[in-house]
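Please find below a colleague's note on the model under review.

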Amino acid sequence: MTAFGQEGPRSNQTAYDMQIQATSGLMCSTGTSDVNPIKVDPPVVDYATGSIAAFAIASALFQREKTKTGQYIDQSMFDVSMMLMAADVTNYLWSGIPPKPSGNDHPFSGGRCYETEDGLLMLGAMNRKQHQRLFLLIDEPEIATETDAVSRLQNSEYQSNLLSEILKSESSEYWENYFQQNNQ
């Protein structure tokens, strides 16, 4: 395992998690538009690099068991950080819009953090089925029919404003219990 790989202009350099976060651009998608870039506090690149390396080692051992042939594993922290940004890269290639810091927001209204009566609630309703259930649960059947990604993205601001108003009406605990009890 290395910081930047076995070959290339930075192959002789070492790095810590935070340098890889900065160099790879991972920090550019964290924070908010007012406060950016921000390092992810836990050393996520270190953890992910170790996890992927463990998977590579297990795969190599399996390969050795099947073929009696060893494997060479080359794992760089920079490569892993690029894998961690796969959603940002994919969204950029799909939309042409570069990633930007969004804090607790998400392009889909169902994947944002909202204020409640007494605190914050993070929603995780981002795919079609989850979007539909969320808006049916808050008695918005018309919005629940907007299941294609394009319409959900185009109407995200309106949906987020609506969710903000509704979720402020009760406590975080109320909403958490409500969504859990009705998530069948």
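Predicted model: local features only at pLDDT ≥ 70, side-chain atom pairs only at ≥ 80, totals over all residues.

1. Residue numbers count from 1 along the chain as its sequence is written.

2. The peptide bond that joins Asn-36 to Pro-37 is cis, and its omega is near -5°. Pro-37 belongs to the loop that runs between helix 1 (17-24) and helix 2 (44-67).

3. Lys-68 is not a glycine, yet its phi is positive, near 65°. This residue sits in the loop between helix 2 and helix 3 (77-84). Lys-68 is classed as exposed because its relative accessibility is 67%, and the class requires over 50%.

4. A positive phi is also found at Asp-139, with a value of about 60°, although this residue is not a glycine. Asp-139 is placed in the loop between helix 5 (128-137) and helix 6 (141-144). With a relative accessible area of 61%, Asp-139 is exposed.

5. How many salt bridges does a search of the whole structure find? The search returns one. In this salt bridge the side chains of Lys-39 and Asp-41 meet, with an N to O distance of 3.5 Å. The two partners can be described separately in terms of accessibility: Lys-39 is partly exposed, at a relative accessible area of 34%, whereas Asp-41 is exposed, at 63%.

6. A patch of negative charge on the surface is formed by Glu-117, Asp-118, Glu-170, Glu-173 and Glu-176. Within this group, Asp-118 occupies the loop between strand 1 (113-115) and strand 2 (120-122).

7. Ser-172 is part of helix 9 (residues 172-181). Its relative accessible area is 14%, so Ser-172 is buried, the limit for that class being under 20%. A polar atom of the Ser-172 side chain lies 3.3 Å from the backbone oxygen of Leu-120.

8. Cys-113 is located in strand 1. Cys-113 counts as buried because its relative accessibility is 19%, which falls under the 20% limit. How far apart are the C-alpha atoms of Cys-113 and Ser-171? They are separated by 14 Å, and the two residues are 58 residues apart along the chain.

9. On the surface, Ile-57, Leu-61 and Ile-73 make up a nonpolar patch, and together they have about 250 Å² of accessible area. Of these residues, Ile-73 is found in the loop between helix 2 and helix 3, the loop that also holds Lys-68. Ile-73 is partly exposed, with a relative accessibility of 34%.

Definitions and conventions: Heavy atoms only, no water. Patch = residues over 30% accessible without salt bridge, like charges linked within 9 Å, V, L, I, M, F, W, Y side chains within 5 Å. Areas by Shrake-Rupley, 256 points an atom, 1.4 Å probe, with all protein chains shown as cover. Salt bridge = Lys/Arg side-chain N within 4 Å of Asp/Glu carboxyl O. Lys, Arg positive; Asp, Glu negative; His and termini not counted. Charge placed at Lys NZ, Arg CZ, Asp CG, Glu CD. Helix = DSSP H or I, 4+ residues; strand = E, 2+ residues; numbered from the N terminus. Buried < 20%, exposed > 50% of the residue type's maximum accessible area, 1.4 Å probe, protein only. Polar contact = N/O pair within 3.5 Å; in protein donor to acceptor, adjacent residues only side chain to side chain.
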